[in-house]
Amino acid sequence: MNDILKQRLVGALILVALGVVFWPIIFLQPDDKTASQPQSIAPLPAASIGVVSQGDSRALSDLAMLGDNPDGGERAETALLAVATPSTISSEAVPQSSDSNTIGARANAPEQLVMDSDGIPVAWTLQVVTVSSADKAEALRKQLLDMSQKAYIVIVRSNGKKLYRVCIGPKFERVELETLQASINAQFKVNSIVARYIP
């Protein structure tokens, strides 16, 4: 077969293939009318917000983390509403006593946030103890964490020695740490100090 004839046959086949592909797109109207018709959307379900007990707060925080996930945002909102509805909270779930596990309203308003001259919020920390042993500092930090306190260790140098300072905080309200200070001093037999937190 002649090369020119081969080229013409290949060209004709390509044009026929393009025609088969593009003919319906250009010249035929779609029969499917459902794409242009408006679809009805179901109304939002009614939800009421109820009291959530201390035991349910972990479930709420786990569900709130789902909201950060772009795929799970709608599921998180629905789940949060489901957890917070009164029908899911039984009388056994909410303790009736005024025990330390219940979440109550604050007795007084929170302090106004104070800024220093550099525009940094003033925060406070409770310096519980300073020890020379990293193991003792870590053991005390674990005890404080078991008491649900935000405890951390700061390494400081004094007279060429490496010391480990165990602290609680930081908190923006000094009053919170001052009320905690008495119980920490009595429990651990220390003389703790409320000091300014500097990151």
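What percentage of the 199 residues in the chain is buried? Buried residues make up 20% of them. Keep that in mind as we walk through this predicted model.

The chain has a mean pLDDT of 75, with 65% of its residues at 70 or more. Confidence is highest in helix 4 (residues 134-146), where the mean is 93, and lowest in helix 3 (residues 73-84), where the mean is 42. Over residues 62-102 the pLDDT is below 50, and this stretch has 35 contacts in the model beyond near neighbours in sequence. Where pLDDT is low, the predicted coordinates should not be read in detail.

Now for the overall layout. Five helices and four strands make up the list of elements, and along the sequence they follow the pattern α-α-α-β-α-β-β-α-β. Of the contacts with a separation of 6 or more, 59% join residues 24 or more positions apart. The accessible surface comes to about 15,400 Å², and carbon and sulfur atoms account for 58% of it.

Next, step inside. The largest nonpolar core has 17 residues, and among those with the most contacts inside it are Leu126, Leu140, Leu177 and Ile184. Strand 1 (123-131), helix 4, strand 3 (161-171) and helix 5 (174-188) each supply at least two residues of this core. Leu144 is another of the residues with the most contacts in the core. Setting aside neighbours within four places in sequence, Leu144 is in contact with Val128, Gln149, Ala151, Val166, Ile168, Ile184 and Phe188.

Not counting residues up to four places away in sequence, Gln181 touches Leu126, Ser192, Ile193 and Val194.

The ring centres of Tyr152 and Tyr197 are 6.3 Å apart and their planes stand at 85 degrees, so the pair is edge-to-face. This pair links distant parts of the chain, with Tyr152 in strand 2 (residues 151-158) and Tyr197 in strand 4 (residues 193-197), 45 residues apart. Tyr152 is partly exposed at 21% relative accessible area, and Tyr197 is partly exposed at 25%. Elsewhere, Arg174 lies over the face of Trp124, 4.5 Å from the ring centre.

Finally, look at the backbone. Most residues other than glycine have a negative phi, and most peptide bonds are trans. Where does this chain depart from that? The bond from Gly169 to Pro170 is cis, with omega near -5 degrees, and Pro170 lies in strand 3. Ser148 has a positive phi, near 65 degrees; this residue sits in the loop between helix 4 and strand 2 and is exposed, with a relative accessible area of 66%. Lys189 also has a positive phi, near 55 degrees. Its place is the loop between helix 5 and strand 4, and Lys189 is exposed at 71%.

Notes: Residues are numbered from 1 along each chain as its sequence is written. This is a predicted model: local features need pLDDT of at least 70, side-chain atom pairs count only at pLDDT 80 or more; totals for chains, interfaces and linings use all residues. Side-chain values use heavy atoms; hydrogens and water are left out. pLDDT is the predictor's confidence in each residue, from 0 to 100. Contact means heavy atoms within 4.5 Å. Buried means under 20% relative accessible area, exposed over 50%, partly exposed in between (1.4 Å probe, protein chains only). Accessible areas come from the Shrake-Rupley method with a 1.4 Å probe; for residues, only the protein chains shown count as cover. Rings of Phe, Tyr and Trp (its six-membered ring) pair if their centres lie within 6.5 Å; planes under 30 degrees apart count as stacked, over 60 as edge-to-face and the rest as tilted. A charge sits over a ring if NZ of Lys or CZ of Arg is within 6 Å of the ring centre and within 35 degrees of the ring normal. A nonpolar core is a set of buried Ala, Val, Leu, Ile, Met, Phe, Trp, Tyr and Cys residues joined through side-chain atoms within 4.5 Å.
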